[in-house]
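Please look through the sequence and the structure below before reading on. The report then goes from the whole chain to a few of its parts.

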Amino acid sequence: MPYAAGLIGPGSEVLGFDTERSQDHHWGLRGQLFLREADHGQHQAIYDCLAAGLPHDFQGVPTNFSEPVEANGVRLLAPTTSGPVRHLIEITSVRDYARARLGIDSDLPLAARDWFLLAQQRLLETTQGEIFHDATGEIGALRARLAYFPHAVWLYLMASQWQKISQEEAFVGRTAETGDALGSRLVAARLVRETMRLAFLMARRYWPYSKWFGTAFAALPCAAALTPHFEAALTAADYQAREAAMARAYEHLAGLHNALRITPPLETQARLYRGRPFLVIRADRFAAAIRETIDDPALRALTLIGSADQFVDSTDVTESPQRMTSLDAIYR
């Protein structure tokens, strides 16, 4: 029977971010077998065969797991020496995996709107991890399709990210001018995150959710140059220093934008905001220039709100394909 075997999906070890702390829940010897749709009827028999035949430990690590100890299905290692193994080898098909984890049909092409409703954390989980054997070719084909956004979608997401930065870049100074020092710090922190997200898009890398966001950012080629500016902005004692640090980060990203050669070169120097004494890059210039390069008229005409996980922060939404899919109406 042809099958694929590996480990993708949720789990810090899939992304290579696990530490000793990761071993305290839902961690251990686990994996997936991907069967063809025609072999669906064999799932239980294979599960039972593994339960009866697996050793009770492998290189000193138990293969047996507890029943779920939390409502979200978390299971713990549970050493045993006899009886069937309650293992964590998931037996599924590529189509079932795609429907459950991504909310898509693995056999159908993806429209731009479909890409907008795929959380980048889920895309990262699917395209990272290891597939050790793939006799059917189905999981390899799915991972190749999802390797990164199509070009026009990528352009739209980058334009939307620049647009999002433009909406708040002047507020670091404006809030401080009204005596709201805490608000100025808060806006700067928001802009640091949004600028980091832009860096992920420029590097054509999916971003993970917040727990691993900074760790993954540190691996980007531009991180070494940008991180000192972000740290300066987040630790600055006054808004002028905070604003200046963000301006240096914007200028670096503006240079990276020109290096992509997706638009005619744009001025990379920070400037005052519409005659007010607040230092900005005028990120809307980049948004507008990128938008003009999108060759899909329908996509070019969309409001620059980006994908769902560019404007949705709730993990309970982004981790649910059903809830993400329900946001489809916002693009109509």
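## The chain as a whole

The model shown here is predicted, and its chain holds 17 helices and 8 strands. Taken along the principal axes, the box that the C-alpha atoms fill is roughly 75 × 45 × 30 Å.

Of the 332 residues in the chain, 46% are buried, while the accessible surface comes to about 16,200 Å², with 54% of that surface belonging to carbon and sulfur atoms.

Helix α7, which covers residues 151-166, packs with helix α9, which covers residues 181-202, and their axes lie 10 Å apart at an angle of about 160°. Angles over 145 degrees count as roughly antiparallel, and α7 and α9 are therefore roughly antiparallel to each other. The crossing of these two helices, α7 and α9, is left-handed.

On the side of α7, the contact is made by W154, L157, M158, Q161, W162, K164 and I165, and on the side of α9 by L191, R193, E194, T195, R197, L198, L201 and M202. When the residues of this contact between α7 and α9 are sorted by kind, 9 are nonpolar, 2 are polar and 4 are charged.

## A buried residue in a helix

Is T318 buried or exposed? Residues under 20% relative accessible area count as buried, and T318, with a relative accessible area of 14%, is therefore buried. T318 has its place in helix α16, which covers residues 315-318. Leaving aside residues up to four places away in sequence, T318 touches A119, R122, D309, V312 and M324.

## Two residues with a positive phi

Most residues other than glycine have a negative phi. Q59 is not a glycine, and yet it has a positive phi of about 50°. This residue, Q59, is found in the loop between β3 (57-58) and β4 (61-62). Residues over 50% relative accessible area count as exposed, and Q59, with a relative accessible area of 73%, is therefore exposed.

R282 is also a residue other than glycine, and its phi has a positive value, near 60°. Where in the chain is R282 found? R282 is found in the loop between strand β8, which covers residues 276-280, and helix α13, which covers residues 283-291.

Note on methods
Residues numbered from 1 in each chain as written. Predicted model: local features only at pLDDT ≥ 70, side-chain atom pairs only at ≥ 80, totals over all residues. Heavy atoms only, no water. Axes fitted to C-alpha atoms, helices over the stretch in contact; angles between N-to-C directions. Helix = DSSP H or I, 4+ residues; strand = E, 2+ residues; numbered from the N terminus. Parallel < 35°, antiparallel > 145°, perpendicular 65-115°, else oblique. Left-handed = near helix turned anticlockwise from the far one by under 90°. Contact = heavy atoms within 4.5 Å. Nonpolar A, V, L, I, M, F, W, Y, C, P; charged D, E, K, R; others polar. Buried < 20%, exposed > 50% of the residue type's maximum accessible area, 1.4 Å probe, protein only. Areas by Shrake-Rupley, 256 points an atom, 1.4 Å probe, with all protein chains shown as cover.
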